[in-house]
Amino acid sequence: MPQRIGVMGGTFDPVHLGHLRIAEEAVEELELDKVIFIPAALPPHKPGMSILPFVHRWNMLQLALAGHPRFLSSDLENRLPGKSYTVITLRRLHEERGEDAEIFFFVGLDAFLELNTWWHFQELFRLAHIVVLRRPGYVLDDVGDFLHRKVSPLFVDEPDSRLFRHPELLTVHYLRNSCLAISSTDIRRLVARGRSIRYLVLPEIMRYIHENELYRTEYPQS
Ligand code: ATP
Ligand code: MG
């Protein structure tokens, strides 16, 4: 049996309980063997915005994932030259793992509905099963509409299994995950304003942010 591997990409600036909880729920729901968190080195979607240096985002991710039996991280995108493109990352994972891996790429609904702006986005649907995660402020019903208009009209909804099937492309899952109104943008803003971020991030992350004096000034938001 091929390993079922979840991939969670993102900026993780910083990693928060929203990321961790939805990954936990997806692992259980889809019976995955593990989830690899892969922080972007230079996210193509956030040009001109200041993003914390990779090493801080990476250190916080290590603190957040420590001790979890199924959560791993990879610095693959930091080792690749140039911008971070998910298609390149997923191709690389396939090269490393060969035939014995089935990849499930996690994406929040906000990011999914912009997937058509990603580099070579059509190929994503051949490289990985897509797992769309609910996020407050976005409507799950828009998933089918997006797939039909931007990817292919041949996707067929199977509501009992909560997925779309396609004759050639991999499946697109949509989970009934918890809706957690937590975002890194809000966390950075709270820290800059001297407000508490308790219960939005793990205590270890809160400590790391304060010890390293991160996010003290508000920088341009997306
Ligand atoms: P920012 O506000 O800086 O964009 P973020 O909270 O959206 O940060 P990212 O690192 O951009 O976090 O997100 C990585 C992935 O996790 C994306 O696919 C995003 O949609 C998803 N995600 C982040 N937070 C949540 C959440 N609370 N619920 C569902 N999905 C989420
Ligand atoms: Mg985001």
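Predicted model: local features only at pLDDT ≥ 70, side-chain atom pairs only at ≥ 80, totals over all residues.
Let me begin with the ligand. There are 22 residues around ligand 1, and those that come nearest are His16, Asp110, Arg135, Ser184 and Thr185. As for where they sit in the fold, β1 (3–10), α1, β4 (101–108), α5 (109–112) and α8 each contribute at least two residues to the shell.

Turning to individual polar atoms, a polar side-chain atom of His19 is placed 3.0 Å from an oxygen atom of ligand 1, while Gly108 brings a backbone N or O atom to 2.9 Å from an oxygen atom of the ligand. On the nitrogen side, a polar backbone atom of Leu180 lies 2.9 Å from a nitrogen atom of ligand 1. Taken on its own, ligand 1 has 590 Å² of accessible area, and the protein covers 91% of that.

Now to α8, which spans residues 184–192, and in which Ser184, Thr185, Ile187, Arg188 and Val191 are buried. Why do these buried residues line one face of the helix? Seen down the axis of α8, they fall within an arc of 165°, so one face is what they line. The elements that cover them include α1 (17–30) and α9 (203–211). I would also remind you that Ser184 and Thr185 were among the residues that come nearest to ligand 1. After the helix comes Gly194, which has a positive phi, near 75°.

My next residue is Asp13, found in the loop between β1 and α1. Is Asp13 buried or exposed? Its relative accessibility is 2%, and because buried means under 20%, Asp13 counts as buried. Its side chain makes a polar contact with the side chain of Tyr215, at 2.7 Å, and a polar atom of that Asp13 side chain also lies 3.5 Å from the backbone nitrogen of Leu52.

Finally, Ala40 belongs to the loop between β2 (34–39) and α2 (54–65). Ala40 is likewise buried, with a relative accessible area of 8%. Leaving aside residues up to four places away in sequence, Ala40 touches Gly10, Phe54, Arg57, Glu77 and Ser84.

Key:
Residues numbered from 1 in each chain as written. Chains lettered and ligands numbered in written order. Heavy atoms only, no water. Buried < 20%, exposed > 50% of the residue type's maximum accessible area, 1.4 Å probe, protein only. Helix = DSSP H or I, 4+ residues; strand = E, 2+ residues; numbered from the N terminus. Arc of directions from axis to C-beta. Contact = heavy atoms within 4.5 Å. Near = heavy atom within 4 Å. Polar contact = N/O pair within 3.5 Å; in protein donor to acceptor, adjacent residues only side chain to side chain. Areas by Shrake-Rupley, 256 points an atom, 1.4 Å probe, with all protein chains shown as cover.
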